[in-house]
Amino acid sequence: MNRFLIGQYGHFDYNKFYRDYKTDFYGIEACLLQEEQDITNLVQESHKTDYRIGIHFPLRAGLSNLRDALFLAQDETVRSHAYEIVEQELVYITSRMNPDYILFHYPKPVLLDDRVDWTSWRFDDRMEYVYESEYSFEAFKQRSDALFEWLSWKSVEYGFTPVLEFDALNKYVYEQDYLQQRLEQYSEIKLCLDTARLFIQDQIDPHFNALTVLEQYAKYAATVHLSNVQMVDGSITQSRIPVLPDQHPSDGWAPIEQYMRIVCKQNQNVKIMFEHRSEKVTDEQLEQCYRWVTQIIEEVEAMK
């Protein structure tokens, strides 16, 4: 379906490309490619197959110690460095290809609710998060304003759609209308909604409701990162699993069909990026995953 993407992370994996990618798919999202040849392969195959390229920042591995750009860091030097690294990568990316979108995690550093046990949330470095009690709403707005304005300029200069992927969220996002106002003002900037992240936070954070957040923000989304995760007794037992109709919420799986129906009802243009590990299922199950998601989308569209 011409709304589907697959991921290529680390390397351009031809086995994954031949197995997972279908001729009527929209494109490929690439991240942290380790060799120049991987980037060459990504671009060459896009010319052959006519797929669009999305970039999950950074395209190239090894640009900095942290993957994500810390646009909202409290330290001005760290913030400035983040902008500099992104600018350098924008120059490189657009010298090699015409990206459809470039995605950045937001907010980053993540603002954590002090009341929640975040043990289940994966961080690679202590710099990646700060507690809400140490970060005021005014600072969040000020630094987000600067980011939105900068990304708006860069989207015109380099010709791409900026996409902000929600990381863990705090009340500045889900209890305030600030971010919705900015997404209305800067309509060229879009969101990415990650089903696994939303579900995990829903399970560990009693103040967070994934369904409410989807209702709030689905219309601003350019992409959904789609995979399933299973949680039992507060612990993650399986993750990055292709979504399948027999993954029942009563068994600890995310309610994928409910998520997808909310998003597709509000947003008929959203792209679906299968951010799963397809090697965890058989060829038949992978095809079933694609068919099931297609069926959900078609059923929602038929009801409009």
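This is a predicted model: local features need pLDDT of at least 70, side-chain atom pairs count only at pLDDT 80 or more; totals for chains, interfaces and linings use all residues.
Strand S9 (residues 221-226) and strand S12 (residues 271-274) run side by side in the parallel sense, joined over four bridges. S9 itself is mostly covered, with six of its six residues buried.

Next comes the packing of the nonpolar residues. In soluble globular proteins, nonpolar side chains tend to end up buried together. In this model, the largest nonpolar core counts 101 residues. Those with the most contacts inside this core are Leu42, Leu59, Tyr106, Phe140, Phe166, Tyr217 and Ile272. Take leucine 42: leaving aside residues up to four places away in sequence, it touches Phe12, Ile28, Ala30, Leu33, Tyr51, Ile53, Leu59 and Met97. Another core, of eight residues, lies apart from the largest one, and its members include Leu5, Tyr101, Cys192 and Met273.

What about the gaps? Rolling a probe the size of a water molecule over the atoms shows where empty space is left. The structure holds one cavity of 30 Å³ or more, and the largest cavity has a volume of about 60 Å³. Among the residues lining the largest cavity are Trp121, Phe166, Cys192, Arg197 and Phe208. Strand S8 (190-194) and H7 each supply at least two residues of that lining. By type, the cavity lining splits into eight nonpolar residues, one polar and three charged. Two names come back here: Phe166, listed among the core residues with the most contacts, and Cys192, a member of the eight-residue core.

Then there is the largest pocket, with a volume of about 880 Å³. It is lined by 37 residues, and the closest to its centre are Tyr9, Arg67, Arg122, Arg240 and Glu275. The elements that give two or more residues to this lining are strand S1 (4-9), helix H1 (14-20), helix H7 (195-204) and strand S11 (235-241). H7 therefore turns up in both places, given that an element is simply a numbered DSSP run: H7 contributes to the pocket lining and to the cavity lining.

Terms used. Residues are numbered from 1 along each chain as its sequence is written. Side-chain values use heavy atoms; hydrogens and water are left out. On a 1 Å grid over the protein atoms alone, a cavity is a set of points where a 1.4 Å probe fits but cannot get out, and a pocket is an open set with protein on both sides within 12 Å along at least five of seven lines; lining residues have an atom within 4 Å of a point. Grid points are joined across faces, edges and corners, and a volume is the space filled by probe spheres set on the points. Ala, Val, Leu, Ile, Met, Phe, Trp, Tyr, Cys and Pro count as nonpolar, Asp, Glu, Lys and Arg as charged, and the others, Gly among them, as polar. Buried means under 20% relative accessible area, exposed over 50%, partly exposed in between (1.4 Å probe, protein chains only). Two strands pair if DSSP finds at least two bridges between them. A nonpolar core is a set of buried Ala, Val, Leu, Ile, Met, Phe, Trp, Tyr and Cys residues joined through side-chain atoms within 4.5 Å. Contact means heavy atoms within 4.5 Å.
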